[in-house]
Amino acid sequence: VTKILTSGESSNKNLTPLKPAAVTLVEIAKVMKRSTQVTMADVVSFAGAEAIESSGGPRIAVQLGKLDPATTKEASGTNYPNLEDGERATIVPAFKKSGLTEREVAILFGALRAMDTVVSEIQPQEEEEQEENEMGDKDIFIPSSFGGPSDIYGKKLTEMKMDNSAFLSIKSDLKKSPKSVPSVFQDEKVAEWALGYYVDKKKAFANDLPSCYEKLMSLGQRYTGGKVGSLLGGGDDNF
């Protein structure tokens, strides 16, 4: 998050579209830290899981206790692939270097396509001016342990369920307008999973998405106990 917020637009154009999300994550972290001990890495994990579920995906249990990096290297645009365009030349090698496979690429970019579809169908509404509370903050939804699912996890953006429709859409668009589809799906092994497996299985995608997301979020150092210094210190840079 720090890398995104401190990146320069000219040299880090691939990070620029992520800045609004990074600002929101910082705001959420500030509110949560008033009542619980949480790291930015935990907030990022929560946010991703919430985005998936609110877009019709499965509920994903998030493992807490992941440490933030001890240091933040200067962000370089050449080090960060363009996730919006799905550049296969950089994304697939980056996933494999991190210990993930083409299967995870297919699942995660399938989820991104499904979420993009949900967002594109939302009718724009006029934003109501939110009043600041006694702490000087505007309302931000924080998960609760009480009430029904909508109270605990927040409202969903759609009543639709994530299934193979995202891959059916990708398969159709590849025939009509290949440039509109992230180029990762033109990778042979990614295509085998996306267009040769998940496209024909309605429930397999949603069933495999939680474990895939957990693999992604488990990258980097995690706090598991020990000396107080290890908790107050930091992790590595593998985030």
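**Figure 1. The largest nonpolar core of this predicted model, with its phenylalanines in view.** This core holds 35 residues, and Phe 167, Phe 185 and Phe 205 are the ones that touch the most other members.

**Figure 2. A closer look at Phe 185 and what it touches.** Leaving aside residues up to four places away in sequence, Phe 185 touches Ala 106, Phe 109 and Gly 110, along with Phe 167, Ile 170 and Leu 174. Its list of contacts also takes in Val 190, Ala 191, Ala 194 and Leu 195.

**Figure 3. Where helix H2 meets helix H3.** H2 (residues 19-32) packs against H3 (residues 40-54) at an angle of about 115°, and the two axes sit 10 Å apart. The crossing is right-handed. On the H2 side you'll find Leu 25, Val 26, Ile 28, Ala 29 and Met 32; on the H3 side, Met 40, Val 43, Val 44 and Ala 47. Sorted by class, that contact comes to 9 nonpolar residues, with no polar and no charged ones.

**Figure 4. The whole chain, for context.** Zoom out and you get 10 helices and 0 strands. Of the 239 residues, 34% count as buried. Among contacts between residues at least 6 apart in sequence, 68% join residues at least 24 apart. The chain exposes about 15100 Å², and carbon and sulfur atoms supply 53% of that.

Note on methods. Residues are numbered from 1 along each chain as its sequence is written. This is a predicted model: local features need pLDDT of at least 70, side-chain atom pairs count only at pLDDT 80 or more; totals for chains, interfaces and linings use all residues. Side-chain values use heavy atoms; hydrogens and water are left out. Axes are lines fitted to C-alpha atoms, for helices over the stretch in contact, and angles run from 0 to 180 degrees between N-to-C directions. Helices (H or I, at least four residues) and strands (E, at least two) are DSSP runs, numbered from the N terminus. A crossing is left-handed if the near helix is turned anticlockwise from the far one by less than a right angle, and right-handed if clockwise. Contact means heavy atoms within 4.5 Å. Ala, Val, Leu, Ile, Met, Phe, Trp, Tyr, Cys and Pro count as nonpolar, Asp, Glu, Lys and Arg as charged, and the others, Gly among them, as polar. Buried means under 20% relative accessible area, exposed over 50%, partly exposed in between (1.4 Å probe, protein chains only). Accessible areas come from the Shrake-Rupley method with a 1.4 Å probe; for residues, only the protein chains shown count as cover. A nonpolar core is a set of buried Ala, Val, Leu, Ile, Met, Phe, Trp, Tyr and Cys residues joined through side-chain atoms within 4.5 Å.
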